[in-house]
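Thanks for coming. I have one structure to show today, and I will go through it from the whole chain down to single residues.

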Amino acid sequence: TKTKMDTVRVGGVPEHFNTSWHLGIEEGFFAKHNVNVEWSEQKSGTGAMISALANDEVDVIIALTEGLVSEIVKGKDLKLFGTYVESPLRWAISTGKDSPYNNVGDLKDQTLGISRYTSGSHLMATVLATREGWSQSDIKFKVVGPFKELRDSVNTGDTAAFMWEYFMTKPYADSGEVRFIGEITTPWSCFMMAARPEFIQTHADALKRMLDGLQEAVKSFYETPDMETKVSRDHGLKEEDAKEWYSAVKISGVPKVSRQNLERVLDALQKSEVITQAEKETDLSQIIDGVIGHLF
């Protein structure tokens, strides 16, 4: 008898990082493990995905580590159950083509465009301020919306700059629509998998099988010849940029999360005044679900 397929609704950004999920769906790796993964494109990023999870629009989200951790320690009803991208994220700091800003130092006391509060574009800007030795009151934020709106806002002068993943922004810097004036790399693994604890408990078996399928998809991502060509075609990247990204990215998709990663994130969030000292001292085991995911 054919086993009934379990459906898991997975939300993620329309970026190169999620190629393995699409491979898993297209090449039948999830189906092989009796899981039907319904992909839900999340254009607005981490903050929006956390809301989608709370509103029961998705079951699992693949989102930025710093956004997930900050919400979990603030008491949101979600837990990490694994690491999706082990490598760090490279953020580009972009301004308008004719703006007066030429380096990161020029952004002090200016307004940065963000997709929404607690999104990566917001949290990493607070981390940037810490790196530059500014106080958090030295930068202002304006919620602008998704990537296209952020690019428009630096050109109308509505905002001075915004932060977004480097390779996804590069085509727009190459075309002259925006200018790069700096970058910052996260000192932690960038994408984690999260779900509501209740969903993890009731669907643990399906999630384990989903991760088995994901492992096969990740293997395919690394073993398929010309994967860089597929990435460059799917995301409008120059072939050499797709190659540079592909050679550096470490997709893992495993049910474990590093303690050191969480400590670095909590430390940065507290220094940047996004979380309190008490929130920073959250027991790390409280951030992980404990059924599927484990600390190492």
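This is a predicted model: local features need pLDDT of at least 70, side-chain atom pairs count only at pLDDT 80 or more; totals for chains, interfaces and linings use all residues.

Residues are numbered from 1 along each chain as its sequence is written, and side-chain values use heavy atoms, with hydrogens and water left out.

First, the whole chain. The protein chain has 13 helices and 13 strands. Helices here are DSSP runs of H or I with at least four residues, strands are runs of E with at least two, and both are numbered from the N terminus. Along its principal axes the C-alpha trace spans about 65 × 45 × 30 Å. How does the radius of gyration agree with that of a compact globule? For 296 residues such a globule would have a value near 19 Å, and the protein chain has 19 Å, which agrees. That radius is taken over C-alpha atoms, and the globule rule is 2.2 Å times the number of residues to the power 0.38.

Next, burial. Of the 296 residues, 56% count as buried. Buried means under 20% relative accessible area, exposed means over 50%, and partly exposed is in between, with a 1.4 Å probe and protein chains only. The accessible surface comes to about 12,200 Å², and 48% of that belongs to carbon and sulfur atoms. The areas come from the Shrake-Rupley method with a 1.4 Å probe, and for residues only the protein chains shown count as cover.

As for contacts, meaning heavy atoms within 4.5 Å, take those in the protein chain between residues at least 6 apart in sequence: 80% of them join residues at least 24 apart.

Now a strand. Is β10, residues 191-195, mostly covered or mostly open? Strand β10 is mostly covered, with five of its five residues buried. On one side of β10 are Phe 191, Met 193 and Ala 195, on the other are Met 192 and Ala 194, and all are buried.

Which strands pair with β10? One is β3, residues 60-64, which pairs with β10 in the antiparallel sense over five bridges. Another is β4, residues 79-85, also antiparallel to β10 and joined to it by five bridges. Two strands count as paired if DSSP finds at least two bridges between them. To place these on the model, Leu 64 has Phe 191 of β10 as its bridge partner, and Gly 82 has Met 193 of β10.

On to a helix. Seven of the nine residues of α3, residues 46-54, are buried, so this helix is largely enclosed by the rest of the structure. The buried ones are Thr 46, Gly 47, Ala 48, Met 49, Ile 50, Ala 52 and Leu 53.

After α3 comes Asp 56, in the loop between α3 and β3. Asp 56 has a positive phi of about 60 degrees although it is not a glycine. Most residues other than glycine have a negative phi. Asp 56 is partly exposed, with a relative accessible area of 42%. A second case is Asp 109, in the loop between β5 (90-96) and β6 (111-114), with a positive phi of about 70 degrees. Asp 109 is partly exposed, at 42%.

Ser 70 lies in α4, residues 65-73, and is buried with a relative accessible area of 0%. Beyond four places in sequence, Ser 70 touches Thr 118, Leu 123, Leu 269, Val 274 and Ile 275.

Lys 74 is in the loop between α4 and β4 and is partly exposed, at 39%. Leaving aside neighbours within four places, Lys 74 is in contact with Val 274, Ile 275 and Glu 279.

His 122 sits in α5, residues 120-132, and is buried, with a relative accessible area of 10%. Outside four places in sequence, His 122 touches Ile 114, Arg 116, Tyr 117 and Phe 141.

That is the end of the tour.
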